[in-house]
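Let us walk through this chain step by step. Keep the sequence and the 3D view side by side as you read.

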Amino acid sequence: MSNEDQSEDHSKDQRARWDIKYEQGLPSLTEPDPFFISAYERFVTPSLPKLGEGRVALDLAGGPGRHALWLASRGWQVTVVDVSDVAIGKLRQAALELNVNVDLFAGDAAEYKLKPAQFNLIVLFYHLDRSLFPRIVSALKPGGLLICKMSLRWDSGVRLTTAGSSPLLRNELPSLVPELDVLHHEERPVRDRGVVEFVGRK
């Protein structure tokens, strides 16, 4: 089996797994994350006057769109990318009910064509693909913001063998986006793992 076949199978498995989760309805994925709201108020709101009318945002691996809908209802032009057809379907329905416009892309975040200097704001929550970060940085407009929250491996004594799929290590995230000015970076333990909250500006 070629690498391409394997990655296609992996992508199908991912899609099926998330479709099931979204079919069941995850209450935690309907409300915006409190960190997202506080990061928006602290870092995005002060820069809004400079953005004028061009408020363009990307929610990568955005699921059923808890952050995208919140942004769209505040006048943002939002694109959502997610691997789950179920999540995209639910988001399309929710956008209709709220009477907001959201651009939807059903597919893996890695397949989405990011153009340079395309977005004022990129939101990335709990989707780790290290190869995406240089493209994310490139896709931010000058002064654009990345709001990111990820799981990370809190116990540094344990190392996974496959670097590609292993969770972030402590203090790794800022090193993946060296071109961004770090506005906020906090790591803390949560149950059996850790979580990192990060805001960077281009």
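Look at the neighbours of β2. Strand β1 (residues 56-60) runs parallel to β2, and 5 bridges join the two.

Next comes strand β3 (residues 102-106). β3 pairs with β2 in the parallel sense, over 5 bridges. Here D82 has A106 in β3 as its bridge partner. The chain goes from β2 to β3 by way of helix α5 (residues 85-98). This β-α-β crossover, too, is right-handed.

Now turn to helix α2 (residues 34-44). At its start, a side-chain oxygen of D33 comes to within 2.8 Å of the backbone nitrogen of F35. Which residues of α2 are buried? They are F35, F36, A39, Y40, F43 and V44. These residues lie on the same side of α2, because they cover an arc of only 135° around the axis. On the other side of α2, P34, E41 and R42 are exposed.

What do the buried residues of α2 pack against? Among the partners are the helices α3 (48-51) and α4 (66-72). The strands β4 (119-125), β5 (140-153), β7 (181-190) and β8 (193-201) also take part.

Move on to E172. This residue sits in the loop between β6 (168-169) and α7 (173-176). Is E172 buried or exposed? E172 counts as buried, because its relative accessibility is 15%, and buried means under 20%. Its side chain is joined to that of R130 by a polar contact of 2.7 Å. Leaving out residues up to four places away in sequence, E172 touches R130, P167 and E187.

Finally, consider confidence. The chain has a mean pLDDT of 86, and 81% of its residues reach 70 or more. Two stretches call for care. Over residues 1-6, pLDDT stays under 50, and the model has 2 contacts for them beyond four places in sequence. Over residues 160-164, pLDDT is also below 50, with 5 contacts beyond near neighbours in sequence. Where pLDDT is low, predicted coordinates should not be read in detail.

Terms used. Residues are numbered from 1 along each chain as its sequence is written. This is a predicted model: local features need pLDDT of at least 70, side-chain atom pairs count only at pLDDT 80 or more; totals for chains, interfaces and linings use all residues. Side-chain values use heavy atoms; hydrogens and water are left out. Helices (H or I, at least four residues) and strands (E, at least two) are DSSP runs, numbered from the N terminus. Buried means under 20% relative accessible area, exposed over 50%, partly exposed in between (1.4 Å probe, protein chains only). A polar contact is a pair of N or O atoms within 3.5 Å; within protein, one must be able to donate a hydrogen and the other to accept it, and residues adjacent in sequence count only if both atoms are side-chain atoms. Contact means heavy atoms within 4.5 Å. pLDDT is the predictor's confidence in each residue, from 0 to 100. The arc is that of the directions from the helix axis to the C-beta atoms. Two strands pair if DSSP finds at least two bridges between them. A crossover is right-handed if, with the strands pointing away from the viewer, the path from the first strand over the helix to the second runs clockwise.
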